[in-house]
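This report looks at how the parts of one assembly are arranged and where they meet. The sequence and structure come first, and the description follows.

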There are 2 protein chains.
Amino acid sequence: MVDLKKIFPKFDEDLIKQLEKIGQVVDFNEGDMLIRPGQYFKQSVLLLEGRVKVYREGDNGEEFFLYYLEPGNACALSIICATRNETSEIKGIAVSPVKAFAIPLQHMDALMRDYRQWYYFVLETYRMRFEELLQVIDQIAFHSMDEKLEFYLKRQFDTLNSKTISITHQQIADDLNSSREVISRLLKKLESSKHISISRNEITMLSL
Amino acid sequence: MVDLKKIFPKFDEDLIKQLEKIGQVVDFNEGDMLIRPGQYFKQSVLLLEGRVKVYREGDNGEEFFLYYLEPGNACALSIICATRNETSEIKGIAVSPVKAFAIPLQHMDALMRDYRQWYYFVLETYRMRFEELLQVIDQIAFHSMDEKLEFYLKRQFDTLNSKTISITHQQIADDLNSSREVISRLLKKLESSKHISISRNEITMLSL
DNA sequence: CACGCTCTGTGATCCCGGTCACGGAGTTTG
DNA sequence: CAAACTCCGTGACCGGGATCACAGAGCGTG
């Protein structure tokens, strides 16, 4: 059994016990698509281990990186869509092996009613994601490519919690819905201004 | 007293009575700023009459139109920020005289616990706004100016529920964080392709 | 080691959209 | 009605970023 208490320290014993009773652990491999565009959620999903990259998908198959889900996070949409049986056009891909905790949607009412910490958690989840979307909008509404790139890199270093990340210029271009050449050029600029250093398949932060 | 029941038909008698007991009606004039960037919410706000235009604000005072709040809507952020005493950088301006219903945040716990319809409402509010933000991201991430403009116009016609809207090209440009000249030119194109017709301070939809 | 693959660097070109400059049309105020 | 202001139309220009074309660099595999 997984230690829910460690990953969700704010939940008290009662709630943990209840969750353990009604939910179950699900495993995914790296590269699996946890959240499919247009899918109906039948359960809420809490992330226990691993990392999930969440994209918005455009009409012609373009992708735009939104945010990462990490252990202790819930897929905000799974909670809400779950409560209403709605669908949504986002895509979530495991970028490492993932353990998740699935809670069938029919228990949401009772959890909400009986456990204040649960609805705090749900609301907080939503607030955070909302905030994050607003920041994404900032970037693409008000900033030019070089600033978007910097913001993107900061988030990567930050959430991956490392000074170097393994990624190709093409992948960055995809995440930002731009093109490789542009990203390469801008990375060069960041390198010559001593903010990062570049090598094949890798970018390491010097100072941002 | 306002007829809450008419505006929130999904709420049952008990909930309505409770809301009437703990909340109060607040009036705003056209042009008033209901939601200020950086403000702390002390209450949740439900909209009873009028319309509120919600913007994201950039670092240098730019604005970007996000969505309208209409009667029956709640300011999603006021609900959540309220529960956590957080702030957020969005701006809401009354575009007509507004009646709102304010509920002090200390009652949220009880409402959530005691009234299933209330938390359905809160979650649904959030889901809708989330969805709307995602659509905004679509527009600015994947589409060019003419498509953004079309999307923008559609939303205006749609939410204002009218074939003609009163607005200047400059205002549209501001809402889309673009410039008047560009908007004028694109509107001209839409006019010559018989999708809209233009006159001073007014745009009327022909077919979109 | 040679070949092939993926990833990166760089110039040339093009186009959308932002900016500048200006004139005219419509509306309001004295 | 004349002046002043707001709103709109349009040409000229410029720059960021998308696209194309190609070369070289790094790395794996037979």
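## The contact between chains A and B

The model is predicted, and the description that follows should be read with that in mind. In the contact between the two chains, chain A takes part with 30 residues and chain B with 29 residues. On the side of chain B that touches chain A, at least two residues each are supplied by helix 3 (76-84), helix 4 (108-114) and helix 5 (116-142) of chain B. Helix 5 of chain B provides the largest share of that side, namely 16 residues.

Sorted by class, the side of chain B that touches chain A holds 14 nonpolar residues, together with eleven charged and four polar ones.

## Symmetry of the two copies

Chain B is superposed on chain A, with an RMSD of 0.1 Å, by a rotation of 180° whose shift along the axis is 0.0 Å. The two copies are therefore related as by a two-fold rotation axis. Among the residues of chain B, the one that comes closest to this rotation axis is B:Arg113, whose C-alpha lies at 2.4 Å. The same surface serves both copies, since 100% of the contact residues of chain B recur in chain A.

## Surroundings of DNA strand C

DNA strand C is surrounded by 20 residues, and the closest of these are A:Thr168 and A:His169 from chain A, with B:Ser144, B:Met145 and B:Val182 from chain B. Helix 7 (169-175) and helix 8 (180-192) of chain A each supply at least two residues of the surface near DNA strand C, as do helix 6 (145-160) and helix 8 (180-192) of chain B. Helix 8 of chain A gives the most to this surface, with six residues.

By class, the surface near DNA strand C comprises eight charged, eight polar and four nonpolar residues.

## A three-stranded sheet in chain A

Chain A contains an open sheet of three strands, in the order 8-10-9 and with antiparallel pairing. Strand 8 (164-166) and strand 9 (196-199) of chain A stand at the edges and have a single partner strand each, so one side of each is left without a neighbour in the sheet. On average, and with direction ignored, neighbouring strands of this sheet are turned by 15° against each other.

Strand 9 of chain A and strand 10 (residues 202-205) of chain A run antiparallel and are joined by four bridges. A:Ser199 has A:Glu202, in strand 10 of chain A, as its bridge partner.

Conventions: Residues numbered from 1 in each chain as written. Chains lettered and ligands numbered in written order. Predicted model: local features only at pLDDT ≥ 70, side-chain atom pairs only at ≥ 80, totals over all residues. Contact = placed C-beta atoms within 7 Å. Nonpolar A, V, L, I, M, F, W, Y, C, P; charged D, E, K, R; others polar. Least-squares fit on C-alpha atoms with pLDDT ≥ 70 in both. Near = placed C-beta within 6 Å. Pairing = 2+ DSSP bridges. Axes fitted to C-alpha atoms, helices over the stretch in contact; angles between N-to-C directions.
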